[in-house]
Amino acid sequence: GQTTTELVYVTVRGGDATLNSRIICPAVPSTNGDKNCKIHGTGDYGSEFKNLNIYATNGLPDVDLILDYNEVKEDNNPVMNCGFGYGQSCDLVYISSNSWKCQDPSSPCNNL
């Protein structure tokens with residue numbers, strides 16, 4: 001597979017949608033608290049994500065995921081794939097105020 005050390009920044013604006021998307025984040029840890037993978041919805045009406053798969057070797061700690069719950073199509077929560085060869089995964093659930101965590105709190109994707 002490919003790896004990159006550059007920043008990945010995806011923004012979805014009102015009226016746009018990402019369907020069946022795979023976002024592969026850089027395989028390097030965040031530096032100085034600035035995450036290398038930023039996935040943002042604008043909160044505008046009509047922006048939505050469906051079947052979003054995020055690939056981040058180090059899991060959620062390296063992803064700046066700013067999506068309102070209403071931007072994610074019902075019953076289609078994002079999936080985080082993490083670890084060596086992306087061998088671990090979890091369904092992400094909305095906690096509050098653009099905060100997402102793995103549905104299974106013991107998932108390594110929460111804290112790799």
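This is a predicted model: local features need pLDDT of at least 70, side-chain atom pairs count only at pLDDT 80 or more; totals for chains, interfaces and linings use all residues.
A pair of aromatic rings is described by the distance of the centres and the angle of the planes. For Tyr-55 and Tyr-86, the ring centres are 5.2 Å apart and the planes meet at 80°, so this pair is edge-to-face, given that planes over 60 degrees apart are assigned to that class. Distant parts of the chain are linked by this pair, since Tyr-55 belongs to strand β6 (residues 53-55) while Tyr-86 lies in the loop between β8 (79-82) and β9 (88-96), 31 residues apart. Tyr-55 is buried, its relative accessible area being 17%, whereas Tyr-86, with a value of 26%, is partly exposed. The ring of Tyr-55 also has a charged neighbour, in that the charged end of Arg-22 sits over this ring at 5.4 Å from its centre.

Tyr-94 and Trp-100 form an edge-to-face pair as well, with 5.3 Å from centre to centre and 75° between the planes. Here Tyr-94 is partly exposed, with a relative accessible area of 28%, while Trp-100 counts as buried at 5% relative accessibility.

With regard to the chain as a whole, 38% of its 112 residues are buried, and its accessible surface comes to about 6,400 Å², of which carbon and sulfur atoms account for 45%. Among the contacts between residues at least 6 apart in sequence, 64% join residues that are at least 24 apart.

Conventions. Residues are numbered from 1 along each chain as its sequence is written. Side-chain values use heavy atoms; hydrogens and water are left out. Rings of Phe, Tyr and Trp (its six-membered ring) pair if their centres lie within 6.5 Å; planes under 30 degrees apart count as stacked, over 60 as edge-to-face and the rest as tilted. Helices (H or I, at least four residues) and strands (E, at least two) are DSSP runs, numbered from the N terminus. Buried means under 20% relative accessible area, exposed over 50%, partly exposed in between (1.4 Å probe, protein chains only). A charge sits over a ring if NZ of Lys or CZ of Arg is within 6 Å of the ring centre and within 35 degrees of the ring normal. Contact means heavy atoms within 4.5 Å. Accessible areas come from the Shrake-Rupley method with a 1.4 Å probe; for residues, only the protein chains shown count as cover.
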